[in-house]
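Welcome, and thanks for taking a look. Let's walk through the strands and the aromatic rings together.

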Amino acid sequence: MNVHTRRFVEDDTEAVVALWEACGLTRPWNDPRADIARKLSVQPELFRVAVFRESVVGSIMAGYDGHRGWLYYLATDPEHRGRGIATQLVREAEEGLRDLGCPKAQLMVRSDNPAVLDFYERLGYEPSKVSTLGKRLIID
């Protein structure tokens, strides 16, 4: 399979939103287009897509705040899973973070998604005994 990865471009927006919806990553209270626009204003080079025959089949967003790196929106089209696309995207995000001097990458996985937890553990990520708290500062 000839999949290549590249930096996200704005023309990818609708395909990426459709991918996230197909993968169950979107939530009614969180506007994915707003998330994309925000990402494009901060470290856009850390937003990557995987492409097969001109179709977006994978995505990952990463960010570095000067202390820790974070991975978000890892998605692989359900029809293309098991082919190493997600692993490649994670490795590229890690490399981009490392290039910025980031010492550690972290991520959040919904607790009702054990398959994804297993995937990340195979890539060397370990569960942390922390609670994640959040507060909306902007209502989309």
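## Strand pairing

In what sense do β2 and strand β3 (residues 55–64) pair, and over how many bridges? Keep in mind that this is a predicted model. The pairing of β2 with β3 is antiparallel and takes in 6 bridges. One of the partners is Met61 in β3, which bridges to Phe47. The hairpin of these strands has 2 residues between them, and here Arg53 takes a positive phi near 50 degrees.

Strand β1 (residues 3–7) also runs antiparallel to β2, joined by 5 bridges. Val3 stands opposite Phe52 of β2.

## The covered strand

Strand β2 (residues 47–52) is mostly covered, with 6 of its 6 residues buried. In a regular strand, side chains alternate between the two faces of the sheet. Here Phe47, Val49 and Val51 point one way, while Arg48, Ala50 and Phe52 point the other way.

## Aromatic rings

The count of aromatic pairs comes to 6. In one of them, the rings of Trp20 and Tyr73 have planes at 10 degrees and centres 3.5 Å apart, so the pair is stacked. Because Trp20 lies in helix α1 (residues 13–22) and Tyr73 in strand β4 (residues 69–76), the pair ties together parts that are 53 residues apart in sequence. Both Trp20 and Tyr73 are buried. Ring pairs also link Trp20 and Tyr73 with Phe8 and Phe47 into a cluster.

Tyr120 and Tyr125 form an edge-to-face pair, with 75 degrees between the planes and 5.6 Å centre to centre. Tyr120 is buried at a relative accessible area of 7%, and Tyr125 also counts as buried, at 14%.

Notes
Residues are numbered from 1 along each chain as its sequence is written. This is a predicted model: local features need pLDDT of at least 70, side-chain atom pairs count only at pLDDT 80 or more; totals for chains, interfaces and linings use all residues. Side-chain values use heavy atoms; hydrogens and water are left out. Rings of Phe, Tyr and Trp (its six-membered ring) pair if their centres lie within 6.5 Å; planes under 30 degrees apart count as stacked, over 60 as edge-to-face and the rest as tilted. Helices (H or I, at least four residues) and strands (E, at least two) are DSSP runs, numbered from the N terminus. Buried means under 20% relative accessible area, exposed over 50%, partly exposed in between (1.4 Å probe, protein chains only). Two strands pair if DSSP finds at least two bridges between them.
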